[in-house]
Amino acid sequence: MLAYAIRRFGQSVFVLVLMSFLVFIGVYAIGDPIELLVNPQADEVERVRAAAALGLDRPFLAQYWVFLKGAASGDLGRSFVYNEPALTLILDKLPATIELAFVAMVMAIGLGIPLGLLAGLKPDSFIGRAIMAGSILGFSLPTFWVGLVLIMVFSVQLGWLPSNGRGETMMVAGLPVSFLTADGLAHLAMPAVNLALFKLSLLIRLTRAGTREAVLQDYVKFARAKGLSQGRVIGVHVLKNILIPIVTVIGLELGSVIAFAIVTESIFAWPGSGKLLIDSINQLDRPVIVAYLLVIVTLFIVINFVVDVLYSLLDPRVRLGGAAASH
Amino acid sequence: MSGGPLLQVDGLRMHFFTKAGVVKAVDDVSFTVGRGEILGLVGESGSGKSMTGYSILGLVDPPGRVVEGRIVFDGTDLTRLDPAAWRGIRGNRIAMIFQDPMMTLNPVLRIDTQIVEAVQAHSGVSRESALARAREALVRVGIASPDERLRAYPHQFSGGMRQRVAIAIALVNGPDLIIADEPTTALDVTIQGQILFEMQKVCRESGTALLWITHDLSVVAGLADKVCVMYAGRFVESGPVADILDRPLHPYSRGLIDSVPARNERGQPLRQIPGMTPSLLSLGPGCPFRERCSSATPRCAESPEVTEPSPGRRLRCFHPAR
Ligand SMILES: Nc1ncnc2c1ncn2[C@@H]1O[C@H](COP(=O)(O)OP(=O)(O)OP(=O)(O)O)[C@@H](O)[C@H]1O
Ligand SMILES: [Mg+2]
């Protein structure tokens, strides 16, 4: 287990370095941030001075080397635009995004697995077909369109829910969260539903497919032949088996829900990190872009690690580190 | 306890209602199993043996349905029971073992969980006493170091060991009847012999009746008291094992017996029944075997009635062998 963790850590560092290099090249290729940062009327002397102050006068590889050295000691550089540490900027905004993503994911899981089970157990019933039809809609309607419709109906027409911001927050462990106050919940409801819809549809389909396959297996028939109750057959024998792929997908989707909450955040003016990224790309604020992507990749890596550990707990045939099963 | 046979299956029909039409997987099959008796249910692949077994346990899945017939177990017609009462009999008084031991145990649950749940489904005993019974059952089927084995997962066992575990699960509640659906087919020959021997021993000791489903007549010869032969979902003939093997009356049973390799003369090509099993979808009335039968006459286009050519023997054929 320890050897496995060390190997995974080594791989992760490699991925992070490679990623940062690619982003560096990418941003370098797009354009020169000096053009955007310095007043167009400024003279050549001014430009050179600004470039030197930001370290942009050095050759590309030298710039990258400076970044790597800083990163090794936890310093991901200062924003060109705000002149603040890039990491601080991101960590300020990230909790709002993570809260939104988590609430969306909890909704998707809490509804998706039961509905998927139901649809998988009764695929030909009215309710089974209705669930599937709903999930097709959830898959195919674009997120921004659903977001706008939600606002039109619940904010503009009915006036039930606020259409932007986080609302009243409460401090938990030093971080502001919305879901503990009534006003915060009202603000959270629509963006979370909007973000959850696609994942919900995905989980319904995944659970349904897994269930349909599992109920045909001999071990389910054998469990029934033992005289177990329907509840135990479904809740233990079927569920524990289909949970294996579901946990994997949930892990992967959790990362992507954080990374791609951008559309939802823009529509509902949710003050998360997605908006920060869009602004930074517009202004070629390279330290923030690089730092943002590094933070997201780190999140992915951590989540994947947790998923692997969970996976080995769920499936006795999987042992971390690839040790062969004893006979 | 009633005075009659332990299990009496009478005119059982189990059909699949598919989009392509009605598949008559079991079509008028009758047999009885006495207390402590071993009945071999024999037929080719697809002849409806497994579906007969599932029907007895009420485990038929849609689009399949038992459409007719009585399944009288110890004086009660199971088909008239409500689902909860039927569930109370499954795994408790009638247990079942399946063909493929690699598939029957749940891969993500430990062996102790899988045995203990079978005990606790039918009695309110504590986990400790359920575990003690699980341990005892493992010992009975010849599993060494049962305590260690109880904490293992199925993937840590070989095929033969897994089948022993499945048998232990079937035995754990002391059933009156075990339906064994080709439990040795997927195993290699030495293990097959061991399991067969132990199964027989355990059932004789505890007076458990066996319904042994197989396509292999040589297995039945050494194991069963009585044989029931099925073809294309229909009853063919039944009787004491020695009578059927020595003097099969139905041309299909005769063909089956002649195609067992051991009975062929050495150096002779293996004999087999010519032709193919008919599709159950397009099967009309009349004897389903007539297309492949050398004794068939135009009369065979009608369904023959079941007759009793001698005490204890039943037959469905117009032209029994002499
Ligand atoms: N879901 C289903 N829909 C339609 N027909 C089915 C279905 N399941 C089984 N059948 C049919 O029922 C018939 C009987 O199947 P059954 O499994 O009882 O045969 P079997 O005698 O046990 O054969 P084997 O020796 O191969 O196990 C088969 O011909 C099969 O085609
Ligand atoms: Mg079968």
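**Exercise 1. In this predicted model, count the residue pairs in polar contact between chain A and chain B, then describe the side of chain A that takes part.**

Step 1. Counting pairs with both residues at pLDDT 80 or more, you get 15 residue pairs in polar contact between chain A and chain B.

Step 2. Now look at which elements of chain A touch chain B. H9 and H10 are the ones that give two or more residues to that side.

Step 3. Sort the residues on that side by type: 9 are nonpolar, 7 polar and 8 charged.

**Exercise 2. Work out how many residues of each chain are in contact and what area is buried between them.**

Step 1. On the chain A side there are 24 residues in contact, and they meet 30 residues of chain B.

Step 2. Putting the two chains together buries about 2,500 Å², with carbon and sulfur atoms giving 58% of that area.

**Exercise 3. Find the salt bridges between chain A and chain B, and explain why the pair A:Lys221 and B:Asp61 joins two chains.**

Step 1. Start with the idea: side chains of opposite charge can pair when their charged atoms come close.

Step 2. Over all chains the count comes to 28 salt bridges, and between chain A and chain B it is 4.

Step 3. Check one of them: A:Arg232 pairs with B:Glu117, with the closest N and O atoms 2.5 Å apart.

Step 4. Next, A:Lys221 forms a salt bridge with B:Asp61, where the closest N and O atoms are 3.4 Å apart. A:Lys221 sits in helix H9 of chain A, while B:Asp61 is in the loop between H1 and E4 of chain B, so the pair joins two chains.

**Exercise 4. Describe the largest pocket: its volume, its lining and the elements behind that lining.**

Step 1. The volume comes out at about 1,300 Å³.

Step 2. The lining has 38 residues, and those nearest the pocket's centre are A:Leu121, A:Arg224, B:Val60, B:Asp61 and B:Pro62.

Step 3. Elements giving two or more residues include H5 (86-121) and H10 (230-259) of chain A, plus E1 (7-18) and H2 (83-89) of chain B. H9(A) gives the largest share, 4 residues.

Step 4. By type, the lining splits into 19 nonpolar, 8 polar and 11 charged residues.

**Exercise 5. Locate the cis peptide bond and the residue other than glycine with positive phi.**

Step 1. The cis bond joins B:Pro62 and B:Pro63, with omega about 5°. B:Pro63 belongs to the loop between H1 and E4 of chain B.

Step 2. For the backbone angle, pick A:Asn83, whose phi is near 50°. A:Asn83 is in the loop between helix H4 (60-72) and H5 of chain A.

Notes
Residues numbered from 1 in each chain as written. Chains lettered and ligands numbered in written order. Predicted model: local features only at pLDDT ≥ 70, side-chain atom pairs only at ≥ 80, totals over all residues. Heavy atoms only, no water. 1 Å grid on protein atoms, 1.4 Å probe; cavity = no way out; pocket = protein on both sides within 12 Å on 5 of 7 lines; lining within 4 Å. Points joined across faces, edges and corners; volume = space filled by probe spheres on them. Nonpolar A, V, L, I, M, F, W, Y, C, P; charged D, E, K, R; others polar. Contact = heavy atoms within 4.5 Å. Buried area = accessible area lost by both parts, 1.4 Å probe. Salt bridge = Lys/Arg side-chain N within 4 Å of Asp/Glu carboxyl O. Polar contact = N/O pair within 3.5 Å; in protein donor to acceptor, adjacent residues only side chain to side chain.
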